[in-house]
Amino acid sequence: MHVAKIPAVASWLVAGWLAVTATATTRAETFTWSLLAELPDHHGVAGCYAGVCDTTTGADLLVVAGGANFPMQPPWEGGTKVWHDTIWVLSHPTAAWQSAGRLPRPLGYGISASYAGRVWCVGGGDRDEHLATSFSIGWDATREQVRITENVLPPLPQPVAFGAGLLVGSRLFIAGGQASPTATKALPLFCSIDLAAAAADTAPRPDWQVHPSWPGAARMLPVLGSQGGHIYLVSGAELLPAANDAATATRRFLSDGFVYDPAEENWAEITGPPLPLVAAPTPAVPVGFSQLLFLPGDDGALFGQQLADQHPGFPRGLLLYDRITDRWRTAGEMPALPAPHAGQASVVTTPAVAWRGQTVIPSGEVRPGVRTPAVRALAAVRQPAVFGGIEWLVLGGYLACLIGIGIACSGGEQTTADFFLGGRRIPWWAAGISIFGTTLSAITFLAIPARSYATDWSTILLNGGILAVAPLVAGWYLPAIRQANVTTAYEFLEQRFGLSLRLFAAASFSLFQLARMGIVILLPALAVAAVTGIPVVPAILVMGLLATLYTVLGGIEAVIWTDVLQVVVLVGAAVITIGVALAEIGGLTPAVELAAAADKLRLVQPGWSPAGDSLWVLLLGAIFSNALVPYTTDQTIIQRYLTTPDEAQAARAIWTNALIAVPVTLLFFALGTSIFCVYQLQPETLPTLDSPAQLVPWFAATRLPAGCGGLVVAGVLAAAMSSLDSGMHSVSTVLTNDVLRRFRPATPDTTLLRAARLLVVLLGAVGTATAVWMARVQVPSLWDFFITVMGMFGGPLAGVFFLAVFQPQLGSRRVWIGVIAAVAAVGWLVLGTTANGLLAGAVGWAVCVLVALAAAVLVPARATASDNVSVPETRAV
């Protein structure tokens with residue numbers, strides 16, 4: 001086959017394979033319902049305790065216990081409400097319910113949560129009293145029935161029934177309720193307890209912690225939910241003394257909502273639901289990364305009316321709340337119940353239980369006084385992918401261009417100087433764009449808009465640090481490294497401080513790159529999965545294969561020219577996407593007004609805490625972690641300095657990158673904010689995505705003209721492959737020059753070239769495998785994880801390079817003392833404190849430099865050749 005045909009053939013093979021694997025779908029937005037076996041009590045119950053109990057064989061049993069009903073006749077015919085103590089268990093979704101024991105007494109309307117293999121039950125009551133006590137339901141393998149343990153928790157601050165419970169991690173939160181059956185006021189109680197400490201059953205015994213109450217009416221029968229580390233309290237009924245009898249209570253149905261931040265211990269009001277959701281199954285169901293599904297409750301429209309058996313039941317509509325846009329939208333309806341309750345659909349006063357990938361709604365009240373034995377399960381449905389044929393063509397063509405660049409550059413890679421430095425023939429503007437393209441990873445393109453969409457602009461300072469550092473890099477670091485006539489930055493360190501620090505730096509860089517390669521390829525794989533329907537692992541494999549292929553073929557020249565193409569495509573895609581968003585919003589002015597009203601344009605976070613994104617933390621992070629560390633220690637960037645014909649052109653490349661970085665950063669923040677404005681105006685079009693990284697590609701594929709979505713996705717793939725190819729190529733350069741050539745100087749250049757290409761293949765495999773592993777491990781925040789890793793490896797190394805440029809006379813012994821102290825300091829900061837990972841770069845640099853300088857006074861230097869190296873006086877400080 002002719003070489004010129006390879007790109008087209010390869011792209012069509014890749015596109016065809018991806019289209020086949022795309023039969024899997026990725027977006028959960030609609031829901032299906034299924035019926036489990038009915039409870040043996042054909043009347044059903046309301047107010048049951050429910051949860052999941054583990055057996056010794058590892059099976060998880062669904063447990064339903066207690067509750068109340070009207071077994072003889074309905075209340076409008078004089079029926080009496082009866083509380084129950086029976087415990088039922090279900091071993092499998094297709095099995096039948098089995099009786100497995102009894103509660104300590106007939107009870108109902110309490111709070112239950114599943115933790116550590118047991119169902120923890122708190123509060124509740126009967127006709128005569130409400131309780132502050134607790135018990136747990138475990139499994140007794142010997143007797144083949146449940147085991148009840150009473151008083152597993154201290155008493156509640158006060159008796160509670162008709163409240164809501166929510167388990168967040170190991171902490172059980174309880175909100176609202178009623179203190180007694182005759183109480184005419186609801187409780188403003190909001191408290192929590194650590195079930196992990198209670199399950200450990202060791203002294204001291206945990207106690208209930210009372211938190212500030214929400215800034216609204218006290219209530220019973222609210223709904224709780226958790227998303228994004230926050231707790232949401234929605235609806236409920238306020239109790240008021242009846243107008244004609246102050247000893248009895250009437251209800252005011254509430255349609256408000258509040259959000260609680262556990263870290264700050266404060267509440268804020270949110271947009272309430274379009275109608276009350278009193279006594280809806282609780283907790284709400286988390287959906288994707290930003291939404292909560294609320295099941296219908298009693299809206300109060302028929303409250304107090306004596307409709308007897310003519311009551312039509314409760315509303316059916318499902319509601320999705322998006323925590324970022326603070327908007328509600330409908331999400332279908334609950335299906336009708338089977339006979340004898342055909343015509344009714346919704347149930348109230350029953351918990352929602354997560355069991356085997358579904359949310360189970362056991363029994364419940366279908367209309368006042370009437371229960372159902374039906375047990376239903378809710379599951380998310382994966383919607384079809386939105387990637388069309390034109391998008392696939394654009395994606396295939398773009399991938400072909402990348403391979404074509406590799407082939408076009410392959411003819412000039414005859415020596416290691418060509419493979420590593422491009423024969424020093426790269427023009428300054430291309431090198432500058434490539435530097436920016438290397439730092440413009442998929443993390444930047446996906447995570448920054450996702451962050452500005454979800455929060456605000458307070459982290460925009462991070463990418464401005466290069467403006468402060470560029471004069472230092474171009475004026476001092478660049479001349480020192482270029483004059484050393486090296487291939488890697490770490491050769492320069494050996495000339496100043498000896499071999500040991502060269503190997504330390506090479507190892508630090510290589511380990512960091514191995515960690516980074518996994519992150520920068522995983523994020524776009526998640527994004528591509530959201531839009532195209534391709535499973536994450538095949539997307540990772542394709543990116544790893546293609547990046548490895550063109551890097552092996554074209555060396556650093558292919559890497560640089562694909563960077564240039566990637567930057568043009570990504571910036572163009574961002575401009576087009578913002579333009580489409582502004583058109584839907586109605587222009588720039590309405591967009592700014594919407595964003596400002598939602599506090600999306602905030603530039604500074606208040607406070608001085610080192611754990612948050614306060615101004616001083618961001619400034620230090622911008623200067624050190626985001627600028628000084630990468631631009632003075634990172635071989636992927638420094639290698640670009642060495643590819644230009646001379647030092648003057650390298651300096652231009654550095655300034656080109658600096659001047660591009662600021663406006664493009666503004667562009668990416670504006671991209672996330674403009675998407676936020678669109679979805680706030682059009683909440684009915686809000687997608688349900690599994691990760692914030694999927695936001696931009698999804699918006700592009702669903703809102704942009706045909707083909708543009710494919711270009712955006714192609715650009716995302718290219719951004720990931722650009723970071724991956726830079727990492728592979730630079731680590732290959734380091735291992736070849738700092739290890740092979742250093743310890744076997746007589747090795748022929750052709751052998752080294754073959755070794756370098758083989759290393760690229762091996763490193764591509766390692767980076768791809770790392771991404772696959774990370775896809776199966778939950779990382780709380782990819783962006784924070786990336787910054788933390790950069791600081792841990794980069795801060796001490798930045799200190800070493802600073803000393804190499806400005807204080808080469810220190811000698812390796814003193815510098816090593818600084819390095820050891822810096823690594824210990826960074827380790828303590830990252831592992832032993834809650835400080836923001838952005839500070840790791842500054843701490844590592846400062847400790848290394850200051851301790852090394854102090855060692856110059858206290859520790860005698862060894863006489864080595866490197867100790868006599870100096871820099872020109874005009875470059876000294």
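Author: Trp-355 touches Leu-36, Val-52, Asp-60, Leu-61, Leu-62, Leu-90, Ser-91, His-92, Pro-93 and Val-360, leaving out residues up to four places away in sequence. The model is predicted.

Reader: Which strand holds Trp-355, and is Trp-355 buried or exposed?

Author: Trp-355 is part of strand E24, residues 353-355. A residue counts as buried when its relative accessible area is under 20%. Trp-355 has a value of 1%, so it is buried.

Reader: How is a pair of packed helices described?

Author: By two quantities, the angle between the axes and the distance between them. Take helix H12 (residues 615-633) and helix H20 (residues 839-858): the angle is about 70 degrees and the axes are 7 Å apart. H12 is therefore roughly perpendicular to H20. The crossing of H12 past H20 is left-handed.

Reader: Which residues of H12 and H20 meet?

Author: H12 contributes Trp-616, Val-617, Leu-620, Phe-624, Ser-625, Leu-628 and Val-629, while H20 contributes Leu-839, Gly-841, Ala-842 and Trp-845. Sorted by class, this contact has nine nonpolar residues, two polar and no charged ones.

Reader: At what angle do H5 and H10 pack?

Author: Helix H5 (residues 428-439) packs on helix H10 (residues 536-585) at about 70 degrees, with 8 Å between the axes. This angle makes H5 roughly perpendicular to H10, because 65 to 115 degrees is the range for that term. By class, the contact of H5 with H10 has eight nonpolar, four polar and one charged residues.

Reader: Where is Arg-502, and is Arg-502 buried or exposed?

Author: Arg-502 sits in helix H9, residues 499-532. Its relative accessible area is 5%, so Arg-502 is buried.

Reader: Which side chain makes a polar contact with that of Arg-502?

Author: The side chain of Glu-494 does, at 2.4 Å. With neighbours within four places in sequence set aside, Arg-502 is in contact with Tyr-490, Glu-491, Leu-493, Glu-494, Asn-737, Asp-738 and Arg-742.

Terms used
Residues numbered from 1 in each chain as written. Predicted model: local features only at pLDDT ≥ 70, side-chain atom pairs only at ≥ 80, totals over all residues. Heavy atoms only, no water. Helix = DSSP H or I, 4+ residues; strand = E, 2+ residues; numbered from the N terminus. Buried < 20%, exposed > 50% of the residue type's maximum accessible area, 1.4 Å probe, protein only. Contact = heavy atoms within 4.5 Å. Axes fitted to C-alpha atoms, helices over the stretch in contact; angles between N-to-C directions. Parallel < 35°, antiparallel > 145°, perpendicular 65-115°, else oblique. Left-handed = near helix turned anticlockwise from the far one by under 90°. Nonpolar A, V, L, I, M, F, W, Y, C, P; charged D, E, K, R; others polar. Polar contact = N/O pair within 3.5 Å; in protein donor to acceptor, adjacent residues only side chain to side chain.
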